[in-house]
Amino acid sequence: MLITIDNVLDLADVRRFRELLDAADWIDGRITAGSLATTVKHNQQLEIDSDLAVSLGNHLLRVLGSHPLFLSAALPEKIVPPRFNRYADGGSFGTHVDAAIMRVERANLTLRSDLSATLFLCDPDEYDGGELLIETTFGAQPVKLPAGSLVLYPSSSLHQVTPVTRGARTCAFFWVQSLVRDDGERALLFDLDQNLQQLRAQLPADDQRLLALHGVYHNLLRRWAST
Ligand code: NI
């Protein structure tokens with residue numbers, strides 16, 4: 001399941017993030033690449049434990065923690081603190097699959113990557129190229145979103161970032177270990193939850209069908225979730 005979520009960060013947040021990131025020191029992205037990725041990764045990255053990465057990352061995590069659509073789609077159990085990267089001057093990231101197990105030393109956290117997320121911090125007209133190309137069962141889906149918007153996709157997907165041939169593309173990215181590991185089960189829960197929310201706006205809160213479907217959601221979650 002590939003989901004885009006608009007305006008996760010509002011305009012003021014995007015402006016603040018960009019001012020700080022545009023003035024930041026960037027390092028070669030290959031430093032954090034695995035041995036295979038070293039050959040295909042050509043970008044820049046903010047030092048993972050730098051004060052700026054930690055403070056912007058924490059802000060983003062707070063926003064996500066109270067974002068109903070993100071919570072419904074990802075059912076997050078653990079999240080890798082957001083990282084920041086920048087592509088310019090032909091920078092790209094060739095086709096790869098993200099590592100299955102992530103280790104975050106400073107938080108003493110180990111997690112399985114079920115979902116990958118990219119939050120765009122530049123508008124599409126600021127750069128050429130730089131599309132996130134995600135392989136799905138329906139073919140490769142190009143993703144290039146407005147600043148502040150986010151895409152969530154299965155970490156098992158092959159994906160790449162096409163070369164940035166003009167301007168620069170700055171993004172935040174992170175991984176989620178979901179309470180529901182299987183993408184198909186998570187997609188069904190998301191579908192049910194989204195439709196339930198619409199029904200809740202139309203029906204009285206004590207409607208028996210609504211209560212029953214609410215029960216189905218939670219009983220499926222009980223069946224599929226692992227904590
Ligand atoms: Ni990746």
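**Entry 1: Thr 170**

Which residues does Thr 170 touch, not counting residues up to four places away in sequence? I found Leu 21, Trp 26, Asn 85, Arg 86, Phe 120, Leu 121 and Cys 122 on its contact list. A reminder to myself before going on: this is a predicted model.

I then looked up where Thr 170 sits, and it belongs to strand 16, residues 164-178. Is Thr 170 buried or exposed? Its relative accessible area is 2%, so Thr 170 is buried. I also checked its distance to Gln 45, which is 125 residues away along the chain. The C-alpha atoms of Thr 170 and Gln 45 are separated by 9.4 Å.

**Entry 2: the chain as a whole**

Next I stepped back to the overall picture. I counted 5 helices and 16 strands in the chain. The radius of gyration came out at 18 Å, close to the 17 Å that the globule rule gives for 227 residues, so the chain is as compact as a globular protein of that length. Along the principal axes, the C-alpha trace spans about 60 × 35 × 35 Å.

How much of the chain is buried? I noted that buried residues make up 44% of the 227 residues. Of the contacts between residues at least 6 apart in sequence, 77% join residues at least 24 apart.

**Entry 3: two domains**

Where does the domain assignment put the bounds? It gives domain 1 as 3-178 and domain 2 as 183-224. I noted 30 Å between the C-alpha centres of domain 1 and domain 2. As for their contacts, 10 residues of domain 1 meet 8 residues of domain 2.

I picked out an open sheet of 5 strands and wrote down their order as 3-7-15-12-13, with antiparallel pairing. Strand 3 (41-42) and strand 13 (139-143) stand at the edges with a single partner strand each, so one side of each has no neighbour in the sheet.

- Strand 3 and strand 7 run antiparallel and are joined by 2 bridges. Here I found His 42 with Ser 92 of strand 7 as its bridge partner.
- Strand 7 pairs with strand 15 in the antiparallel sense, over 2 bridges. His 96 has His 159, in strand 15, as its bridge partner.
- Strand 12 (residues 132-136) is joined to strand 13 by 5 bridges, and these two run antiparallel as well. Leu 133 has its bridge partner in strand 13, namely Pro 142.

I gave strand 7 a second look. Of its 5 residues, 4 are buried, so strand 7 is largely enclosed by the rest of the structure.

**Entry 4: the nickel ion**

Which residues coordinate the nickel ion? I found His 96 through NE2, Asp 98 through OD and His 159 through NE2, at 2.1 Å. Written as a sequence pattern, the donor spacing is H-x1-D-x60-H. Asp 98 is in the loop between strand 7 (92-96) and strand 8 (101-104), while His 159 is in strand 15 (residues 159-161), so this pair ties together parts that are 61 residues apart in sequence.

Are Asp 98 and His 159 buried or exposed? With the cut-off for buried at under 20% relative accessible area, I checked each one. Asp 98 has 13% relative accessibility and counts as buried. His 159 has 4% and counts as buried too.

**Entry 5: two asparagines with positive phi**

Last, I looked at the backbone of two asparagines. Asn 7 has a positive phi of about 50° although it is not a glycine. I located Asn 7 in the loop between strand 1 (3-5) and helix 1 (11-22). Its relative accessibility is 56%, so Asn 7 counts as exposed.

What is the phi of Asn 108? It is positive, at about 45°, and this residue is not a glycine either. Asn 108 is in the loop between strand 8 and strand 9 (109-112). I noted a relative accessible area of 59% for Asn 108, which makes it exposed.

How values were computed
Residues numbered from 1 in each chain as written. Predicted model: local features only at pLDDT ≥ 70, side-chain atom pairs only at ≥ 80, totals over all residues. Heavy atoms only, no water. Pairing = 2+ DSSP bridges. Donors = N, O, S within 2.8 Å, 3.2 Å for Na, K, Ca; no water. Buried < 20%, exposed > 50% of the residue type's maximum accessible area, 1.4 Å probe, protein only. Rg over C-alpha atoms; globule rule 2.2 N^0.38 Å. Contact = heavy atoms within 4.5 Å. Domains from an automatic or database assignment.
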